[in-house]
Amino acid sequence: QVQLVESGGGSVQNGGSLRLSCAASGYGYSDYCLGWFRQAPGKEREGVASIFSDGSTSYANSVKGRFTISRDNAKNTVYLQMNGLKPEDRAMYYCAARYGYCSASWFSYDYWGQGTQVTFSS
């Protein structure tokens, strides 16, 4: 019933920017968290940013000051604006959702999108 669809991934240069989008459907007005995770080859899935139903946000230390998560309730969409991208940011980015408070642990989330890839041109 709950569906998450990511878009906006692509290829960028070092220092470039991308905005990822996650269209969410099937939610009511209960407490919930929408988050972004990423996974690079050979590495564990890690939390990037999250936004709670009250609008509060949290970020991984590695992306603070560079990434911004936001939400448009009218469009049922959460965004991840990524600036100053580095090679270390290369990964598959996933949108995830859970009922209750936000968490940086991927295994605590209930629903997942299929991911959108972020790569580099060179």
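**Entry 1. Strand pairing**

I began with S1 and S3, which pair in the antiparallel sense over 5 bridges. The model I am reading is a predicted one. Looking along this pairing, I found Ser7 opposite Ser21 in S3.

I then asked in what order the strands of this sheet run. The sheet is open and holds 4 strands, in the order S1-S3-S8-S7, with antiparallel pairing. Strand S1 (3-7) and S7 are the edge strands, and each of them pairs on one side only. I also looked up the angle between neighbouring strands of this sheet: on average they are turned by 15° against each other, direction ignored.

**Entry 2. The nonpolar core**

Next I looked up the largest nonpolar core, which has 27 residues. Which of its residues touch the most other members? I noted Trp36, Val48, Phe67, Val78, Leu80, Met82 and Tyr93. I checked which strands supply at least two residues of this core, and wrote down strand S3 (18-25), strand S4 (32-39), strand S5 (46-52), strand S7 (67-72), strand S8 (77-82), strand S9 (91-99) and strand S11 (116-120).

I took Phe67 for a further look and left aside its neighbours within four places in sequence. Phe67 is then in contact with Arg38, Val48, Tyr59, Leu80, Gln81, Met82, Asn83, Leu85, Asp89 and Tyr93.

**Entry 3. Aromatic rings**

I searched the whole structure for aromatic pairs and got 7. I picked the pair of Tyr94 and Trp112, whose ring centres are 6.3 Å apart. The planes of these two rings stand at 80°, which is over 60 degrees, so I logged the pair as edge-to-face. Tyr94 belongs to strand S9 and Trp112 to strand S10 (residues 111-112), so this pair ties together parts that are 18 residues apart in sequence.

**Entry 4. Arg45**

Last, I looked at where Arg45 lies relative to the rings of Tyr94 and Trp112. The charged end of Arg45 sits over the Tyr94 ring, 5.5 Å from its centre. Arg45 also lies over the face of Trp112, at 4.7 Å from the ring centre.

Conventions. Residues numbered from 1 in each chain as written. Predicted model: local features only at pLDDT ≥ 70, side-chain atom pairs only at ≥ 80, totals over all residues. Heavy atoms only, no water. Core = buried A, V, L, I, M, F, W, Y, C linked by side-chain atoms within 4.5 Å. Buried < 20%, exposed > 50% of the residue type's maximum accessible area, 1.4 Å probe, protein only. Contact = heavy atoms within 4.5 Å. Pairing = 2+ DSSP bridges. Axes fitted to C-alpha atoms, helices over the stretch in contact; angles between N-to-C directions. Phe/Tyr/Trp six-rings, centres within 6.5 Å; stacked < 30°, edge-to-face > 60°. Lys NZ or Arg CZ within 6 Å of the ring centre and 35° of its normal.
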